[in-house]
Structure formats: structure tokens, C-alpha cells
Amino acid sequence: MISIIVPVFNGERTIERCLKSLFHQTLPRDRYEIIVIDDGSSDATARVVRKFSGVRYCREPNRGPAAARNCGARQASGDILLFIDADCEADRQWAEEMAKPFADASVQAVKGVYRTKQPGIVARLVQVEFEERYDKMARSKGLDFMDFSAGAIRAEVFRSLEGFDEKLRMSEDVQLAYKLSEKQHRIVFTRSAIVYHDHPTKFMDYLRIKFWRSYWRMDVYKNYPRKLLRDSYTPQTLKAQIIGFFGTCLTAVVLPLIPEVRYALIAEVAILIALVMPLTVRGFRVGFIEGALAPFFIIGRAFALGFGVLYYFLEIKNARELMSVIMLALVAIVPSFFTGGRDLFAQTFIFVMAFAFLFFVIRSGKQPLQGKIPFRFNIILPLALLLLVMLASILYSVSPYDSYAAFMHWVPYLALFFGTVYLITSHAEAQKIGALIVLLAVILSIIGIYFFLQTQFFGYLRAISTFYQHNPFAGFLLYALPLAFSFLLFAETTKRRIAYGALMALFTLTFVLTYSRGAWLSSIVPLGVVLFFSIQRKRKILRTILTIGMIALIVVAGRWALVQVKEAQAQAGQTGTAPSTVAADVGFSSETPEENAVTARLHFWQGALDSFRDHPIIGTGLETYKILYRQYLTDIRYYSIDPHNIYLKFFTELGIVGGIVFVWFVGSILFVIGASLRQIHQLTRKTDQALMLGLSMGLLGALTHGFVELDWQFPTNLIIFFITLGCVYKLFLIQRGREQPAISRGAVGAVYSGAVRTALPAMAALGMLGGLLLFASSTLQTAGIRQMEDLEYDAALSSLKTAQRLDPLNYDLHYGLAQAYYLATDAQNVSLYRQLFVSEFERTISLSSHDWRPYERLGRYYLLAKDYAAAERYLKRGIELNPIGKPVLYFLLSSAYAYSDRIEEARVLLEDAVSRYDPSLRDSQIWVVQDREEILYEIGLLHGRLGHIYDSLGDTESAAKHFGEAAMFDKAYQPPEEYSDAQTE
């Protein structure tokens with residue numbers, strides 16, 4: 001007796017055709033029974049089945065095809081079980097052909113084949129795929145694979161293997177086949193046993209099926225990992241296609257960053273083409289259209305299968321948690337190697353990875369908070385309000401795009417903070433954060449010392465690492481120093497004391513070599529607190545003193561050795577720098593009592609205070625200091641994009657409202673730090689005490705250093721700050737709320753949980769998309785600028801226009817496009833371009849009315865066009881926005897006056913202008929701005945023009961004076977022949 005088992009779910013459309021084919025088999029009707037298992041159908045399936053007498057019908061709750069087939073097997077009375085799906089139509093000889101191989105007692109299972117009667121292209125391509133697999137099975141000596149959509153097995157063997165695994169919703173038949181193979185049961189493949197199957201008719205339906213089959217197949221491979229490498233059904237080219245497709249996509253993404261990978265991309269594309277050729281040739285045998293579409297079919301299949309595998313791993317809790325840790329490590333480490341995170345690639349990487357990290361942590365199912373939080377310890381509320389004030393500042397900002405861009409850069413830091421709060425559930429997990437910070441500090445310290453040894457700039461030696469600035473690098477080390485110091489002083493074994501002592505010596509030596517005096521002062525309190533707690537807890541004062549003394553000796557010896565190396569390099573290079581200068585003034589050789597870092601900061605702070613005075617309530621908008629400071633610049637040497645004080649920065653840009661919220665945010669952090677210090681004695685493990693102490697003091701050092709430095713202009717420092725803050729905050733909550741109910745309970749918790757699981761993943765996806773668009777736009781902008789430099793104006797215009805479409809509110813793009821039109825006009829004399837670049841400059845002004853650059857460009861243009869009134873209007877506005885930072889503005893405006901026969905106004909203007917620039921500027925060495933020579937040249941232009949005016953007025957004495965000044969500021973300046981003595985004087 002043979003039992004034919006038909007599982008069905010909502011199969012009213014196909015079950016009748018299936019049953020009719022089973023009733024018309026060549027096998028005598030008395031030799032087989034038909035059992036239909038209804039897997040909880042909600043349509044008219046039962047009514048259709050009951051029309052057939054002689055069919056045993058059983059209805060079960062919906063539990064999937066595995067459970068339905070097992071139910072049918074339990075009711076079967078036959079020695080052989082034949083399984084067929086409800087969407088199949090059996091060939092008349094199917095049952096007979098499936099039964100024939102069982103005449104051989106060694107055969108335990110039989111697999112037949114699919115055919116299709118469907119005319120659609122997708123269905124025919126699916127059949128081509130099956131034929132490729134059937135050919136592979138026909139060539140195999142021993143089969144380890146079969147599906148039971150049209151398969152047979154001996155009943156006793158089926159029951160001995162305990163049937164199908166009901167936990168699987170798909171691939172349960174594959175797992176049973178692997179069981180058969182493992183038990184050495186023989187499987188036979190026969191092409192003469194045919195069923196006609198309804199293949200997918202829509203490409204998206206096909207991809208959806210492939211995605212889920214790949215997902216469930218991974219669950220099978222978990223128990224049979226060797227089958228992942230090879231089985232008798234899956235072509236090896238299929239696996240290679242998946243790897244090749246995703247490898248090619250990855251290389252294509254990296255191509256804009258590393259152009260050299262284009263050769264690898266060409267090779268990968270060639271290999272991928274070779275991999276799709278066999279199935280493509282099969283497609284052409286069926287028809288031309290099938291062959292032409294086969295490559296797209298194959299690529300789509302690779303995409304669906306690959307993402308099915310990825311989704312499977314993301315659904316595993318431990319894998320998601322591991323992925324979260326990897327993402328966090330990447331977002332912390334990678335940006336630091338790209339100018340401290342200021343590079344375009346780094347900023348895009350931060351945006352994408354921060355949201356990816358948050359997504360993986362959320363999917364891991366961890367609880368973000370434990371217990372209720374007292375108001376004074378609630379960091380989340382002021383942080384959320386601060387982000388809200390930042391967002392609101394875009395509406396009134398003097399440069400909305402800059403405020404928008406700065407706000408968007410803060411959003412991933414918020415994601416990192418919340419993600420870290422989610423991730424950390426114990427001190428053991430927090431140890432990973434500490435290890436990550438220490439590891440990064442080791443790498444950057446070694447790089448910093450290497451750069452120190454490699455530099456040939458002996459007059460200003462400082463350790464800069466990959467930040468390429470010493471102060472923010474020192475600011476980063478403020479996180480690592482207290483952490484290493486804590487682990488050193490709380491170490492319980494000699495091996496650990498030696499290891500942490502070496503780390504502390506490395507960090508301290510690098511920290512000293514930065515010569516960042518603000519960072520040195522900022523480290524005193526954090527390191528002092530660590531020392532105090534160590535002595536208080538351990539009461540081993542002598543050993544602590546000896547340990548610190550040993551580290552101090554290593555640092556002093558290391559600094560001496562490095563300075564000796566630099567002295568030798570200075571002598572060997574014959575640079576003109578005496579070795580004694582290198583030894584005595586390393587780091588400070590360009591500073592004088594009148595010109596030093598303190599003087600520069602006082603100018604920055606004064607500019608911030610002046611701006612705050614003019615806009616006290618709501619400020620000028622996030623990240624607008626760099627624009628407005630030019631209006632308050634009192635000394636041309638001291639220009640900066642940041643006031644070197646995060647507290648002044650927030651009060652200046654966000655006014656009293658934003659400043660108070662920021663102080664509230666910092667105050668809540670300090671409350672948490674204080675409470676954490678009080679909780680340290682509750683911790684039983686010294687490593688836990690050291691971790692909480694070190695991380696807390698790292699935050700304190702960073703907040704202190706914020707009074708005198710621009711650390712937060714470097715994304716790496718903000719990344720470490722918010723990761724550390726999230727870690728300290730969660731550890732504090734764990735200690736405080738251990739016995740309190742979790743926030744996830746009750747109605748409020750349900751709403752909160754729902755918002756987290758729906759809104760945050762959506763925000764993560766949008767954030768990643770926004771980061772990629774920003775990267776694409778900025779990459780095109782960079783390409784356009786480079787093309788302009790290479791005089792490829794048409795290409796530059798194309799790149800900048802595309803970038804502008806991606807980022808239409810970016811005034812820098814409009815300015816760059818206007819520049820390209822301007823240069824193309826000069827090169828090609830195209831009148832249309834004249835109108836376009838004027839329009840683009842005007843658009844730049846409308847988007848950022850406080851940017852002086854378009855005013856200068858339009859002033860130049862209208863001077864050339866002899867529209868002196870328009871030139872005067874634009875140049876005067878440019879001077880208002882940048883009164884001393886660009887001397888050439890006065891020169892251009894004086895030209896407009898001179899060409900309008902307003903010589904006296906030109907003279908008065910230039911006299912006022914030159915009075916703003918002290919002659920001592922010529923010998924000043926501590927210019928913060930990088931374009932010192934250009935500015936001195938422009939000041940020389942002012943004096944030269946003023947000399948010519950006095951000469952025309954007959955005042956030869958004043959003319960000689962200014963010609964002489966022009967020659968002093970601009971060494972290449974040549975005064976008129978009759979005033980040549982002025983240059984000598």
C-alpha cells in the first residue's frame with residue numbers, strides 16, 4: 001500500500017486540479033490512499049476537498065507544512081509515503097514511477113522532478129534553474145538532498161527519523177534529507193516521475209521565496225555545517241554568485257574613496273559575468289528572451305539569497321549583540337584615522353555606522369533602562385531639549401544650512417549614546433568599552449610618537465597623531481589616561497600592574513609630547529581623584545608612590561631620548577635650527593609674552609562674548625560662530641572657527657536658552673559622576689571599581705578641557721564622549737535601580753517599547769540614507785573643485801550640478817557652481833554663463849547672508865562690468881561681514897571710488913583700512929590663520945594704492961611713506977621708479 005499525503009493551506013485554487021490528477025494515476029486505485037491535511041485554511045479548501053469521495057480529510061491548526069506532513073504520516077497505513085504539494089499536478093505515471101525504485105530493498109527514498117506548463121517568462125526561468133540542479137543530481141554518485149514537494153520515503157524509515165522538524169517553516173524536507181544521508185540511507189533520483197508545479201509568475205514573488213528559503217536553510221546548516229560547503233543539489237556556482245555579487249557591490253562603494261580598487265572591480269565584474277554564463281546559456285536554449293533576462297534573474301537571486309543569510313544572523317540574539325559590539329568598535333576606531341573624524345569619508349562613516357549600531361542593539365532585545373531616574377540625574381531630558389533647541393535654531397540661524405549640517409552631525413552622537421545605554425547591561429559588558437578606548441589610545445599614541453619622530457619641522461614639535469593637531473589629540477588622551485591609571489592602581493596581580501604601568505607610561509609620554517598646557521591642567525583633578533580613591537581603598541601609599549615615580553622616570557627618560565633624536569635630526573639636516581633650540585623650546589618656540597596661545601584664546605572668547613551681547617536670547621544659530629566671528633575680529637592673526645570654549649560656544653550660538661539647557665546637561669553629567677563615585681564602594685570587584693572611576697574621570701577631564709579647547713570640532717572626541725557617557729550612565733542606573741521595576745512594565749512601558757521598535761529603526765534607516773546622500777553630494781563637490789583646478793570646466797559644472805540636486809540647500813555648492821560658471825565665462829566667453837554665475841552668487845547670499853565671499857565675487861564682477869554703484873553696494877556689505885579679515889575688499893572698493901572720480905573717498909577709505917593693520921604684523925610669528933602671506937600681500941596692495949592716490953594729489957611725502965609700507969608688507973612690490981628709495985627705507 002502507498003499513502004499519498006497532500007498538505008494544503010488556502011489552496012482552493014489548486015487543490016482540485018491536484019486531486020483530479022491523483023485520481024487518474026496509472027497505478028491501480030486500490031494500491032494507494034489519498035490523505036489531505038488542511039493546515040488551518042481560511043478559504044474554501046475544505047469544501048473543494050469534500051467533493052472527492054475516497055479522500056481522507058483532516059483539519060489541523062496552522063503550524064506549517066512540516067507539522068501537516070507529520071500529521072498525514074501518522075494517519076497513513078501504507079508502507080511507502082508519497083508527498084505532493086497542493087499546487088502540483090501529478091503526471092499520470094507519477095505514483096507508479098515513484099514506486100518502482102522501491103523494488104530495490106536498499107532504496108529508502110525517491111525524488112522526482114518538477115515541470116511546468118506555465119507560459120510566463122519568470123516561470124520558464126525558474127524551470128531552467130531546476131533543470132540545472134537536476135543535471136547536477138543526475139551526475140552525483142550518492143544523493144544527500146531531496147525535497148518532499150514531490151518525494152517518497154519508506155514509512156518505517158520516516159518514523160525512525162521522527163519525521164520533519166516542526167520548528168522549521170521552510171527547508172524541513174532538506175533537513176530530513178540530510179538526516180537520511182547521515183544515516184547512510186540511499187536516496188534515488190528519477191526523471192521519469194514528473195509533477196507539474198506552479199512556479200512564481202512575478203519576479204518579486206520569486207525573490208521573496210528565495211529570501212525565506214535562504215533564511216530557513218541557514219537553520220538547517222546550523223546542524224549540518226558540512227552541507228553548507230557541498231551537497232548534491234546546490235550548484236557551487238550559486239554560492240560563488242552570491243559572494244561575487246556582494247563583493248562587487250562593496251568594491252563599487254569603496255571606489256570613490258580608493259580609486260585604485262577599480263582594477264579589482266573590473267576583475268570582480270569579469271568573474272561575475274563568467275559565473276552567470278552557464279545558466280544564461282541554458283536560458284538561451286529555451287528562448288532568446290529567457291537568455292537575455294537570465295543574468296538579471298541570477299543577480300536578483302544572489303541578492304535575495306544573500307540578504308536571507310544576513311537576516312538570519314541578525315535575528316539571532318547573540319549574533320545581533322556581537323554585531324552591535326563590532327559596529328561600536330568600528331564607529332569609535334575608524335574615524336580617528338581620518339583627521340580625527342573631520343574627513344568627509346569619516347563623517348559619512350559615522351552617520352551610517354552609528355545608526356546601524358543603534359539598529360542592531362535595538363534588535364538584540366535588551367532593556368535600555370532599569371528603574372526610575374531622579375530629576376537631577378536625568379541626562380536624557382536635557383540632552384533631548386538640547387537637540388530640540390539645536391533643531392529650532394535652524395529656523396532663525398544666520399546660516400541655516402550650517403546649523404542644519406551641524407545638527408545632523410549631532411544626531412549620530414545621540415544614537416551612539418542611546419545605543420550604548422541599550423548595549424550595557426553589566427560591568428562585564430562595560431569592560432569592553434574600556435578596552436576599546438584603551439586599544440584606540442594605544443594605536444593613536446604609537447602613531448603620534450611616530451609622527452613626532454618623522455617630522456622635520458623642528459621649530460614647533462608636538463605629538464599630533466592622526467588628528468594633525470596637538471590639542472584635540474591631547475583631549476582624546478584625557479579619556480584614556482584616567483582609565484589606564486585606575487586599572488593600574490586597582491590592579492590585583494603583578495602581571496596586570498606591569499601591563500597597565502606600560503600603558504600608563506605610553507599614554508603619559510604621548511600626552512606630554514602634545515605640549516597641550518590646557519590638557520595638562522585639565523588632567524590634574526581627574527588623575528588626582530583616581531589617586532585619592534586608590535589610596536583610600538587600598539591604603540598602600542608607598543607602593544602607589546613608587547609606581548607613580550617609576551612611570552615618571554620612564555616618561556622623563558623617554559622625552560629626553562626623543563628630544564635627543566630630534567636634535568640629531570636637526571644637525572644632520574642642517575636646517576639652521578640649533579639643537580639647543582629644539583631641546584629648550586620644543587613646542588613653544590614661536591610663542592612670545594605678547595603672542596601666545598592664551599592671547600589667541602582671549603581674542604576668540606571676546607568675539608564669542610561680543611556676538612552673545614548682540615544676540616543674547618536665542619543666539620545666532622548652531623555652528624555660526626565661524627561665520628560671525630569675522631565681524632568681531634579685532635586682530636587679523638587670531639581667526640578660528642571655534643571659540644575654544646564649548647560653554648561660550650553654546651551660549652553664543654544658542655543664546656541664553658540653549659546655554660542654560662547645555663549647562664543643565666553638563667550639570668546632570670556631573671551629578672551622575674558624583675553619584676557614581678559614591679557608588680564605587682558598593683562594587684565588590686576591583687576591576688569594576690577601576691572601570692567606573694576611570695570612565696567617570698575621563699568625562700570630567702573632557703568637560704574641563706572644554707573650557708579652553710575645540711575638542712568637539714573633532715568627531716572622534718565627541719564619539720568617545722557620548723560612548724563613555726552612555727556607559728557611565730548605564731552603570732550608574734544598574735547600581736541605583738537594581739531592585740526597582742524596569743521601565744518596560746505597564747502601559748507606559750508598552751508605548752515606550754512600541755516607539756523604540758518602530759520609530760528608531762525607521763530613523764536609523766533614514767539616517768543611513770541621509771549620510772550616504774551627503775557623502776555622494778560632498779564627493780561630487782570635491783570632484784568638481786578638482787576639475788576646476790584642472791581647467792575642466794564642463795566636467796566641473798556637471799559634477800557640481802549633480803551635487804546640488806542631492807543637496808540643494810548647501811550654499812557652498814551654489815558658491816562652487818558660481819565659481820565654475822565664472823571661470824568658464826573667462827575661458828569660453830559664454831554670455832549665458834555670466835547670467836548664471838551672478839544668479840548662483842545671489843542664491844548663495846539668499847542661503848547664507850553672512851558669507852562675505854559672494855559679495856567679494858560680485859563686487860569684482862561689477863567692477864569689470866563698470867557698474868560701480870553695484871560694485872560699491874556688494875563690497876561695502878562684504879566689508880561689514882569681514883572688516884579686517886580680507887584687506888583686498890578695501891582695495892576693490894577704493895577702485896570703485898577711483899573709477900567714479902571719488903578720489904577723496906578712496907583716500908579716506910584706504911587710510912581707515914591701513915590703520916587697522918599694525919606694522920608689527922609683518923614680524924609676527926603666531927598667526928593662527930594659514931594664509932599669512934596672502935594677507936600681508938593684500939595689505940601691501942592697500943598701501944600701494946594709497947601711495948598712488950597721494951602721488952596723484954601731489955603729496956609726495958605721504959606717497960613715499962605708503963610705497964615704503966607696501967614694500968615692507970610685500971617683499972616683491974615694486975614702487976614707481978621715482979619712489980624706489982622708499983623700498984630701501
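**Exercise 1. How do helix 18 and helix 19 pack, and at what angle?**

Step 1. Locate them: helix 18 spans residues 470-489 and helix 19 spans residues 494-513. Helices here are DSSP runs of H or I with at least four residues, numbered from the N terminus.

Step 2. Read the geometry. The angle is about 155°, and the axes lie 9 Å apart. Axes are lines fitted to C-alpha atoms over the stretch in contact, with angles from 0 to 180 degrees between N-to-C directions.

Step 3. Classify. Angles over 145 degrees count as roughly antiparallel, so helix 18 and helix 19 are roughly antiparallel to each other.

Step 4. List contacts (heavy atoms within 4.5 Å). Among the residues that meet are F473, L477 and F485 in helix 18, and Y500, M504 and F511 in helix 19. By class, this contact has 14 nonpolar, three polar and one charged residues.

The model is predicted: local features need pLDDT of at least 70, side-chain atom pairs pLDDT 80 or more, while totals for chains, interfaces and linings use all residues. Residues are numbered from 1 along each chain, and side-chain values use heavy atoms, without hydrogens and water.

**Exercise 2. Is T716 buried or exposed?**

Step 1. Find T716 in helix 27, residues 715-736.

Step 2. Check its relative accessible area: 0%. Buried means under 20%, exposed over 50%, partly exposed in between (1.4 Å probe, protein chains only). T716 is therefore buried.

Step 3. Name neighbours. T716 touches P335, S336, G340, G341, F467 and F476, leaving out residues up to four places away in sequence.

**Exercise 3. How many residues of helix 7 are buried?**

Step 1. Take residues 172-182; 10 of the 11 are buried.

How values were computed
Helix = DSSP H or I, 4+ residues; strand = E, 2+ residues; numbered from the N terminus. Parallel < 35°, antiparallel > 145°, perpendicular 65-115°, else oblique. Nonpolar A, V, L, I, M, F, W, Y, C, P; charged D, E, K, R; others polar.
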